[in-house]
Amino acid sequence: MSLPLRFHLDDLSGEPTRALIARHLSGMHANSPPESVHAFDIDKLRQPGVTFWSAWYGEEIAGCGALKHLDAWRGELKSMRVADTFLGRGVGRAMLEHLIAEARKRGMRSLWLETGSSAAFIPALRLYESAGFVRCGPFDGYTDDPFSVFMTREL
């Protein structure tokens with residue numbers, strides 16, 4: 001099902017956005033040991049080189065995602081999260097397509113990501129694989145970790 005979503009370049013100051021980021025971080029810590037959680041908090045999402053979007057269905061936040069510049073040609077997906085009430089409704093795919101389009105606009109040639117390896121991450125892994133991402137080794141300062149899956153795709 002495809003919802004009519006509005007993507008908003010988000011400064012992370014609104015309460016709905018902050019609550020979704022808090023939920024995202026909580027979920028990451030519930031499913032991975034602390035040293036294996038690489039999710040960004042609000043401060044890291046505001047750092048130079050990171051652009052953050054929220055997705056809205058009417059007045060409700062439906063999801064979020066960020067694009068981090070690794071260098072002139074590569075970007076990393078960060079903080080992909082769908083609000084619990086919107087799970088299974090195409091929001092994750094819509095956000096992923098939005099981030100891929102933004103990366104292309106910026107002249108990036110490839111995208112990279114790190115996600116978890118436990119059963120809780122299977123829906124995310126399936127989404128990324130269906131969008132052409134393939135597993136790879138650690139990148140950009142990450143280290144090999146049994147709780148992480150690294151993926152990339154050319155644009």
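Helices (H or I, at least four residues) and strands (E, at least two) are DSSP runs, numbered from the N terminus. The model here is predicted: local features need pLDDT of at least 70, side-chain atom pairs count only at pLDDT 80 or more, and totals for chains, interfaces and linings use all residues. Residues are numbered from 1 along each chain as its sequence is written, and side-chain values use heavy atoms, leaving out hydrogens and water. An open sheet of seven strands has the order S1-S2-S3-S4-S5-S7-S6.

**The sheet**

- Pairing in this sheet is mixed; two strands pair if DSSP finds at least two bridges between them.
- Strand S1 (6-9) and strand S6 (134-136) are the edge strands, and each pairs on one side only.
- Neighbouring strands are turned by 30 degrees against each other on average, direction ignored.
- S6 and strand S7 (residues 148-154) run antiparallel, joined by three bridges.
- Val-134 has Thr-152 in S7 as its bridge partner.
- S4 and S5 pair in the parallel sense, also over three bridges.
- Opposite Arg-74 stands Ser-110 in S5.
- Seven of the seven residues of S5 are buried (under 20% relative accessible area; exposed is over 50%, partly exposed in between; 1.4 Å probe, protein chains only).

**Helices across the sheet**

- Helix H1 (residues 15-31) lies across strand S2 (50-57), strand S3 (60-69) and strand S4 (74-82).
- H1 runs at about 95 degrees to S4; axes are lines fitted to C-alpha atoms, for helices over the stretch in contact, and angles run from 0 to 180 degrees between N-to-C directions.
- Helix H4 (residues 122-130) lies across S4, strand S5 (110-116), S6 and S7, at about 165 degrees to S5.

**His-24**

- His-24 is found in helix H1.
- His-24 counts as buried because its relative accessibility is 6%.
- Not counting residues up to four places away in sequence, His-24 touches Ala-39, Ser-79, Met-80 and Arg-81 (contact means heavy atoms within 4.5 Å).

**The largest pocket**

- A pocket is an open set of points on a 1 Å grid over the protein atoms alone, where a 1.4 Å probe fits, with protein on both sides within 12 Å along at least five of seven lines; lining residues have an atom within 4 Å of a point.
- The largest pocket is lined by 38 residues.
- Met-80, Arg-81, Val-82, Pro-123 and Ala-124 lie nearest its centre.
- H1, S4, helix H3 (91-105), S5 and H4 each give two or more residues to the lining.
- S4 gives the largest share, seven residues.
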